[in-house]
Amino acid sequence: MRPRLSLLLLALTLFALGGVLSLPRPEQEEAVRPTRTGELPEMGVVVAARDIEYCGYHTPCGPGSRTDTIFYLRLRGQEAKGVAIPRDLYSPLVGGKVNAAYGRGGAELLKRAVAEATGMVAERHLVLTLESVARVVDAVGGVEVYLERPMRYTDRAAKLFIDFPAGRLHLNGEEAVKYMRFRHDALGDYARLDRIKEVVVQVLRKAQDPRTWPALVLALREAWAGLDTDLSLEEALGYLPALQGLRVSLATLPTREGPGTFLYVDEEARARFLAAFFGASPPLVPPEAPVVLRGEGALLRWGQVLLEREGVRPLLEEVRVEKSAVYAKDPLAGLYYAELFHLPLLAPHRPLTGVAVELGEDLLQ
């Protein structure tokens, strides 16, 4: 048994298109610069979601000028890789937090700020609204999440009321947006980025199913006019069938804390991480890293057999898993096991030693 899972980025349903624009690239990017391969075009895309604008006291009145969710995505052949950029990252180009770039200079400044942070050039952009995100989540039938503890937060000014009980939950689009906006736990924005990656991966898995495409196309047609993008809807929809078979990896840009409320790019960690994440193929042999295998029953036993065939003896944890994925902070080790299990690679900010392979019943659906 081998799970047939190739998860894709929701954004790629929108921008898997067009040719590569030839833009000047900094020298430091050359070492990790991908080359065009496969049938799909290679391109870098900045995907961001706008926050809320206020037109009076406690009166939200539409999309704001800040982009609190920012991803740099790279599409290459049948592979898609994305890096989440913390909203509090200091940008010398902006003279403040990177989430202010869009408000100060529009999409072009946002793209330049992302290039400054990652060293990678973004050829295209797609700036979403919260409403458009909710529509897309609804179009694929919502998402499943699991909360270890209740999630509660009230912001009357923003008319944001979050009150989710602990346990397994099915969230519609509006609820999923609330889940992704929550940042009031110990890890703050990093945990928020992990939740966003979790929802994105789940939406993309559902977007692979052609049965969701009619609703997805309708949602995109309704939402597209309200987006800021240099991509046409017709371009994007023409590539929808090509989504099947894409492999997806998501991670968070390495940062360090600094003065004030800013985060700063960890230069040494960034160079090492991006070179491995964007520029390397999965190792041919199992990396020397401890592996934890989580799951239940037959899935757990199947995963154990598969790993032992590779000469890997994992630590077994029989627990219920809601969403299958490979978690690793070491990109090379993560890529090896993500490729072996055909699962998305997620690099969370939370502490993690080695690699965690989580197998859930979603593999059997």
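This is a predicted model: local features need pLDDT of at least 70, side-chain atom pairs count only at pLDDT 80 or more; totals for chains, interfaces and linings use all residues.
## Aromatic pairs

The structure contains 8 aromatic pairs. One of them joins Phe273 and Phe277, whose rings are stacked, with 5.2 Å centre to centre and 15° between the planes. The pair counts as stacked because planes under 30 degrees apart fall in that class.

Both Phe273 and Phe277 belong to helix α9, which covers residues 267-279. Within this helix, Phe273 and Phe277 are 4 residues apart, about one turn.

Phe273 is buried, at 9% relative accessibility. Phe277 is buried as well, with a relative accessible area of 1%.

## Charges over rings

A second case involves Lys97 and Phe262. Here the charged end of Lys97 sits over the ring of Phe262, at 5.9 Å from the centre of that ring.

## Thr67 in strand β2

Thr67 is located in strand β2, which spans residues 60-76. Thr67 has 0% relative accessibility and therefore counts as buried.

Leaving aside residues up to four places away in sequence, Thr67 touches Ala48, Ala49 and Arg50, as well as Asn99, Tyr102, Leu110 and Val127.

Key: Residues are numbered from 1 along each chain as its sequence is written. Side-chain values use heavy atoms; hydrogens and water are left out. Rings of Phe, Tyr and Trp (its six-membered ring) pair if their centres lie within 6.5 Å; planes under 30 degrees apart count as stacked, over 60 as edge-to-face and the rest as tilted. Helices (H or I, at least four residues) and strands (E, at least two) are DSSP runs, numbered from the N terminus. Buried means under 20% relative accessible area, exposed over 50%, partly exposed in between (1.4 Å probe, protein chains only). A charge sits over a ring if NZ of Lys or CZ of Arg is within 6 Å of the ring centre and within 35 degrees of the ring normal. Contact means heavy atoms within 4.5 Å.
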